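Trainee: I would like to go through the labels used for a structure and ask what stands behind each one.
Mentor: Then let us look at it together.

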Amino acid sequence: QIPKDPAQKRVRELAALSKQLQQVHPNVLAKVLKRGTVYQNEEIVVINKPYGLPVHGGPGVKNCIADVLPILAKMLVNMKAEPLHLCHRLDKETTGVMVLARSKEVAERIRLLFKTRQVEKIYWAISLGDPDPTEGIVEIPIVEKEVQSHQPHYKMTLAPNYRLAPEDGKVVKIRKNCDAESAVTLYRRLASASACSLLELQPITGVKHQLRVHLAYGLGCPILGDHKYSHWSKLAPQKLPGITLKRLKLEQSKARHLPLHLHAYRLALPLGERIDLVCKPPLFFQKTLKKLELEIIND
């Protein structure tokens, strides 16, 4: 049965696309990635990673980016091409700039640049609500914890070094959680409308799910379509404000199909010279911006 409602139809199409990417022949997947190539030189190839495609294999994953790198290299150069190498990772649901290296040595060099925080990364996210203040730094360590609920599961969460003393409400330092990793995110609001915001995010560190956790638990503004980090204790679809549902022409009962709106927008690589790479957001992201009337006002 085909939904009449355009938003539901689009959500359904995205879910189908993600599934399709798992079922296509690796050659077809390599072609999709080739079409999404935004930059290449003798050292690197940069692709615009599609939604719903995992970078690495795992249980239930038939197709992933890592597996088609040899095919992609041959399509870009010729049959004798060496396989491409991964330099960093993006979550399955995240779209945008992804750097691949043409040789092991270059891959090592780029991984080191990421590790030593010399790569400038800019993401765009649509969040629920408005961060207060509208720009700033979230610097709260993150740790992985088991959530005790009717179906126990693991989530990343905040492990702050400070808390408010119950007796007088003063800020006191507490003992650091030894498993927590320090995490720093710069953010600023680019636009706000329809109970949502378009945010520019710059992760200074690279902790798993950092942006999602800092927005949801640090700023109280979860990313649109982030069903995992919209609640702590349960695995349930994100609850959307009435105005947001109305603008998206979506019913709350169908909200669980909403994709994660997190996009790796820009990446600056200091490889000899500084290479500035930009990927515009995927169509579904652009359509959501339009529907929510999130217009970027350029200063």
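Mentor: Residues are numbered from 1 along each chain as its sequence is written, and side-chain values use heavy atoms, with hydrogens and water left out. Because the model is predicted, local features need pLDDT of at least 70 and side-chain atom pairs pLDDT 80 or more, while totals for chains, interfaces and linings use all residues.

Trainee: Why is the pair of Tyr 51 and Phe 284 called edge-to-face?
Mentor: Rings of Phe, Tyr and Trp (its six-membered ring) pair if their centres lie within 6.5 Å; planes under 30 degrees apart are stacked, over 60 edge-to-face, and the rest tilted. The search of the whole structure finds 3 aromatic pairs. In one of them, Tyr 51 and Phe 284 are 5.3 Å apart centre to centre with 75° between the planes, hence edge-to-face.

Trainee: What makes this pair a tie between parts of the chain?
Mentor: Tyr 51 lies in the loop between strand E2 (44–49) and helix H3 (65–76), and Phe 284 in helix H7 (residues 283–291), so the pair ties together parts 233 residues apart in sequence. Helices (H or I, at least four residues) and strands (E, at least two) are DSSP runs, numbered from the N terminus.

Trainee: Why are Trp 124 and Tyr 265 called stacked?
Mentor: Their centres are 4.1 Å apart and the angle between the planes is 10°, which falls under the 30 degrees set for stacking. Trp 124 is in strand E5 (residues 120–128) and Tyr 265 in strand E13 (residues 262–271), 141 residues apart.

Trainee: How do you know whether Trp 124 is buried or exposed?
Mentor: Buried means under 20% relative accessible area, exposed over 50%, and partly exposed in between (1.4 Å probe, protein chains only). Trp 124 has 10%, so it counts as buried. Tyr 265, at 21%, is therefore partly exposed.

Trainee: And what makes Val 171 exposed?
Mentor: Its relative accessible area is 59%, so Val 171 is exposed. Val 171 is in strand E10 (residues 171–173).

Trainee: How do you know how compact the chain is?
Mentor: The chain has 7 helices and 14 strands. Its radius of gyration is 20 Å, close to the 19 Å of the globule rule for 299 residues, so the chain is as compact as a globular protein of that length. The radius is taken over C-alpha atoms, and the rule is 2.2 Å times the number of residues to the power 0.38. Buried residues make up 47% of the 299 residues.
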